[in-house]
There are 2 protein chains.
Amino acid sequence: MTITITAFEHSPDGGKGLARDMRVRWALEETGQPYKVRLVANQAMKQPAHLAQHPFGQIPTYEEGNLVLFESGAIVLHIVERHAGLLPHHANARARAIAWLFAALNTVEPPILELSTVTLLERDQPWYAERLPMVEARVRDRLDLLSSRLGDAEWLDGPFSAGDLMMVSVLLRSRSSGILDEYPNLAAYVARGEARQAYRRAFAAQLAINARA
Amino acid sequence: MTITITAFEHSPDGGKGLARDMRVRWALEETGQPYKVRLVANQAMKQPAHLAQHPFGQIPTYEEGNLVLFESGAIVLHIVERHAGLLPHHANARARAIAWLFAALNTVEPPILELSTVTLLERDQPWYAERLPMVEARVRDRLDLLSSRLGDAEWLDGPFSAGDLMMVSVLLRSRSSGILDEYPNLAAYVARGEARQAYRRAFAAQLAINARA
C-alpha cells in the first residue's frame, strides 16, 4: 500500500529541515519505505478537509490504505514498529529506545520550542531582553543533563534508534539559538545524525520542495 | 516480576493528582497490575543514583526486573502494550489511540505547561499582566480544536484508550486556570475520566502519600 505524508506547501523555515515532516521522511528513508508527499497550503491547514486528517490542523499526517495518522511521534513509532532498522530486537532495549523518543518530544522539545516562540513572537516586546535568558536557562537545564548522559557515546543507548532520530531532530531546532554549540558532544551527536545517508536523502527531498521558485 | 514506580516524596501540587506518576498509576490500575512506589526526595532528584534511572532527574520511573524506563508516555505505552484493556485490538485503531497519546503529550501539554510556568514563575514580573493572555490564547488554540473534534463523543476514538487516559491527565493541568471550564464538552470528558474506578484508586493512592502529616 502506498504511503502518503503531508508537508507544508511553504515551510516556515524555508527548507532548513526543521518542519516535522522531516522526522517522518527520515524514518521512512532509514527503513527503506517509498512514500508520496501531498503539500498543504497554509490557508488549508485549519479547513475541514485537513482537520479531518489532523485534528489540530498541522503537518505531517500519514496515510496508508484506510489508516490515517497524525503526530510525528506516533507516525515514526508506527513506521519503526512495522519495518526493521530503528528499534532493537530485545524487548527491554526496544522499550528504552521508545523512552528516548518520548523524552525528545515531551522533555527536550517543549523548552526548545518555547525559545523559538519567544524569539519569533516576543522580539518586539519590552520584556524580551529580560525574559530571553530565563527561557534559555530552561533549555540549558535539559541539555546539561542530556549532555552528561550521552558522554562520549555515539548514540543514546546502543545502536542508532528511533530515539536518536527524534532527539537529533529536536536538537536541530535549538541550533540557531547558539545553545547547541555550547555542548560539543551534543553538537557532534547531531552532526552524526545529519551525516547519515537516510537523513541526507530526506533533507534533500524537503529542500527541493521549498527551493522552488 | 514486581513493578516499582517512583513518585515525589512531597509533590509540588500537594496531592491534586497532577504529578506525572498519576498517569502511570492510572494505567496500572486500569490494567489490573499491582505495583510498589518508591518516593524520591526533592534533594535526591538530580543526584547520580536517581539520574542513573532518569536522565533528566524527574519522576516517574518504572522498574520491572532488569528493565528501567523513564518518561510517563513511554511507561504508559509499555504497560498498555503488555496488558489488555487500553489499546484496541484492530491495528489501525490501535495506531490511532497511540496518536492521541502523543497528541496529548506533544501538542496539548506544552502550552498548558507553559501557562502553569507563567503563573508560577512570572507572576511578579512587570510583564505578567500583558503576557498572560498571549499564553492563554495558545492553550485555547489547541482546546478549540480538541473540543471540535470530540464533539458529543464519550471518548476521542471509540472506547476509552491510553490516548484518553493521557489526554484527560494533561487537560486536568489546565483546570486551575479556568480555561477547561470554557469548554463544557471537554470538562465533561475530563469528569468522565475522573469518575472511572481505576482513576479513583490511583488518585487515592497518591493523595495518601501527600496527605501525611
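Biologist: How much area is buried between domain 1 of chain A and domain 2 of chain A?

Modeller: Buried area is the accessible area (1.4 Å probe) that two parts lose on being put together, summed over both. In this predicted model, the two domains of chain A bury about 1,500 Å² between them, and carbon and sulfur atoms give 61% of that area. R23(A), W26(A) and Y199(A) supply 39% of what domain 1 of chain A buries against domain 2 of chain A, more than any other three residues.

Biologist: Where do the domain bounds lie, and what conventions apply to the model?

Modeller: Bounds come from an automatic or database domain assignment; for chain A it gives domain 1 (3-85 + 198-210) and domain 2 (91-196). Residues are numbered from 1 along each chain as its sequence is written, and chains are lettered from A and ligands numbered from 1 in the order in which they are written. Local features need pLDDT of at least 70, side-chain atom pairs count only at pLDDT 80 or more, and totals for chains, interfaces and linings use all residues, while side-chain values use heavy atoms, with hydrogens and water left out.

Biologist: How many salt bridges are there between domain 1 of chain A and domain 2 of chain A?

Modeller: A salt bridge is a side-chain nitrogen of Lys or Arg within 4 Å of a carboxyl oxygen of Asp or Glu. The count between these domains is four. The side chains of R23(A) and E109(A) form a salt bridge at 2.5 Å, N to O.

Biologist: Which element gives the most to the side of domain 1 of chain A that touches domain 2 of chain A?

Modeller: Helices (H or I, at least four residues) and strands (E, at least two) are DSSP runs, numbered from the N terminus. Here α3(A) gives the most, with six residues. Nine of the eleven residues of α3(A) are buried, which means under 20% relative accessible area (1.4 Å probe, protein chains only). Among them are I75(A), L77(A) and H78(A).

Biologist: How many residues does the contact take from chain A and from chain B?

Modeller: Contact means heavy atoms within 4.5 Å. Chain A contributes 49 residues and chain B 49 residues. The two chains bury about 4,100 Å² between them, 63% of it on carbon and sulfur atoms. F56(A), F102(A) and W127(A) supply 17% of the area that chain A buries against chain B, more than any other three residues.

Biologist: How many salt bridges does the rule find across the interface of chain A and chain B?

Modeller: The rule finds six. E122(A) and R131(B) meet through their side chains in a salt bridge of 3.0 Å, N to O.

Conventions: Buried means under 20% relative accessible area, exposed over 50%, partly exposed in between (1.4 Å probe, protein chains only).
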